[in-house]
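Visitor: I would like to learn how to read salt bridges in a protein model. Please show me the structure first.

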Amino acid sequence: MAEEREELTWELFGSASRELARAVADDGFEPDLILSIARGGLFVAGALGYSLDVKNLHVMNVEFYTGVDERLELPVMLPPVPNAVDLTGATVLIADDVADTGATLKLVRDFCLNQVAEVRSAVIYEKPHSTVKCEYVWRKTDRWINFPWSTEPPLVKRSGQVLDA
């Protein structure tokens with residue numbers, strides 16, 4: 001029997017991202033920029049950007065997953081890395097789809113800490129074992145998550161690409 005998974009549909013993602021943005025707004029946090037963690041965080045950052053009226057979006061690409069529940073020993077930042085000058089003194093909201101182990105979020109948060117005025121994190125899902133506890137979380141789960149952007153196979157097959165992660 002297949003392991004039960006958390007299912008996030010595109011429609012549910014729309015509601016989840018709006019509720020996540022509402023939590024940020026209700027908290028009075030007004031980010032100068034949203035820093036998305038590619039790839040799953042791109043969707044979250046875009047939705048938060050529209051809901052919070054933030055046009056300044058940056059991207060960090062971090063490689064960590066190699067398969068379903070399989071990871072590198074440590075997450076690795078891939079170029080291009082945002083210019084620290086672009087972040088200096090800013091109020092930053094880090095956006096990602098899930099805080100699983102927390103290692104990726106910790107890497108990005110640590111990168112920001114000495115550059116920015118304040119940094120907080122927003123995720124759709126947070127796992128109980130995450131080492132980073134995010135300020136804004138839509139739902140907590142301990143299950144593997146089927147995201148609408150990674151459930152279907154890609155239309156183009158490339159070597160070395162990780163599916164379902």
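This is a predicted model: local features need pLDDT of at least 70, side-chain atom pairs count only at pLDDT 80 or more; totals for chains, interfaces and linings use all residues.

Visitor: In what order do the elements of the protein chain run from the N terminus?

Guide: The order is β-α-β-α-β-β-α-β-α-β-β-β, which comes to 4 helices and 8 strands. Of the 165 residues, 44% count as buried.

Visitor: How many salt bridges does the structure hold?

Guide: The criterion is a side-chain nitrogen of Lys or Arg within 4 Å of a carboxyl oxygen of Asp or Glu. The structure holds 10 such salt bridges. In one of them, the side chains of Arg-120 and Asp-27 meet at 2.8 Å, N to O.

Visitor: Which parts does that pair tie together?

Guide: Arg-120 belongs to strand 6, and Asp-27 to the loop between helix 1 and strand 2, so the pair ties together parts that are 93 residues apart in sequence.

Visitor: Is Arg-120 buried or exposed?

Guide: Buried means under 20% relative accessible area. Arg-120 has 18%, so it is buried. Asp-27, at 46%, counts as partly exposed. Arg-120 also forms a salt bridge with Glu-118, with the closest N and O atoms 2.8 Å apart. Glu-118 is partly exposed, at 33%.

Visitor: What is the distance between the closest N and O atoms of Lys-127 and Asp-100?

Guide: The distance is 3.6 Å, and the two form a salt bridge. Lys-127 sits in the loop between strand 6 and strand 7, Asp-100 in the loop between strand 5 and helix 4, 27 residues apart. Both Lys-127 and Asp-100 are buried.

Definitions and conventions
Residues are numbered from 1 along each chain as its sequence is written. Side-chain values use heavy atoms; hydrogens and water are left out. Helices (H or I, at least four residues) and strands (E, at least two) are DSSP runs, numbered from the N terminus. Buried means under 20% relative accessible area, exposed over 50%, partly exposed in between (1.4 Å probe, protein chains only).
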